[in-house]
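Thanks for making time this morning.

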Amino acid sequence: MGDTVRVQTNANVALVKYWGKADEEANLPATGSLSISLAALTTTTLITRAKPGLRDQISLNGESSGPGVDRISSFLDRGRQIYPFMGPVKVESTNDFPTGAGLASSASGFAALAIGSNALFDMGLDGSDVSRLARLGSGSAARSVFGGFVAIELEGDGAAKPIEVDPNKWPLTVFIAVTDSAEKSVGSTDAMRRTADSSPFYQSWVDRHPADMAEALRSIEASDFDGLANVSVRSCLNMHATIMGSSPPIFYWNPGTLVVVQTVERWREEGRRVFYTIDAGPQVKVVCHRDDAHQCRDELHSLSGVRTVIESGIGGEPAVQWR
Ligand code: PMV
């Protein structure tokens, strides 16, 4: 063990979405969620011990100031309230994909910080504790502490848990159709607050969530691709309809988002094993059975409004190395 730890984590995409907080202070979600980790979207974070009494030194994608840096700083302060032996650190974090654009950079970013702090300060936290620590940074970060399929169940302890899945039964390719790489218009915390305060659909979104979670878990267990596709699409569209119902309204979609959605709906009618999901931004994640992926790849690239397509498999466990 040394003074620097290097952590690599993957972003994740929720198939059953979390939207809304039961407790904003503790960042406890109002709904459960279920995600898959994305091997192609990686955060690499170096965390180095600094001398006691020094201030944290933070850089995110080479920048030492900005909203992302402020969030990392608040996360470290918050972590120290719970684990006072977390000393000052130097953090150098980089994403190999657009930051703050609805591609879950906060998920991989805060998961890396939680994992790295646990290692660097020899905190002895188990996976659930690390997941809860990551959750203080962002709700979805609780899931990026693990690889593969991951769930946060509402009746649980607020930590994410990996779901045992036979990779041969779920050979998935995910295409991330990037329609705009600018930072999102309204950050998820503000947008969740506005949705809960003003959307007339919010309560029914929260109420029907347990049924969606149960259906998704059953579909995974039964290796039922169509079952998982149906509940994922429903969860995505119900979440976005609820968000759009806020006052003033919030639109994460752009015209390119809709082009991809309608194209994938047509592919589904043709019988391809494919579905889509969208987080708090205009990008569309197109989830394909690997055997049907070649049929989707070229067409996705040529759709109007699609700027780039990132191809990903399912990510594995985070990697930790001492320097
Ligand atoms: O983790 P946050 O606070 O950025 O919120 C994530 C919200 C969604 O990405 C839209 C859904 C989810 O479960 O990841």
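This is a predicted model: local features need pLDDT of at least 70, side-chain atom pairs count only at pLDDT 80 or more; totals for chains, interfaces and linings use all residues.

Residues are numbered from 1 along each chain as its sequence is written, and side-chain values use heavy atoms, with hydrogens and water left out.

Around the ligand there are 14 residues, the closest being A14, Y18, S140, R143 and S188, where a residue counts if one of its heavy atoms lies within 4 Å. By class, this shell has six nonpolar, five polar and three charged residues, with Asp, Glu, Lys and Arg taken as charged and Gly placed among the polar ones. For polar contacts, meaning pairs of N or O atoms within 3.5 Å, a polar side-chain atom of S140 lies 2.6 Å from a ligand oxygen atom, one of R143 lies 2.7 Å from a ligand oxygen atom, and one of D279 lies 3.4 Å from a ligand oxygen atom. The ligand on its own has 380 Å² of accessible area, of which the protein covers 94%, using the Shrake-Rupley method with a 1.4 Å probe.

How many residues does each domain give to the shell? Domain 1 (4–165) and domain 2 (172–312) each supply at least three, with bounds from an automatic or database domain assignment.

Terms used:
A polar contact is a pair of N or O atoms within 3.5 Å; within protein, one must be able to donate a hydrogen and the other to accept it, and residues adjacent in sequence count only if both atoms are side-chain atoms.
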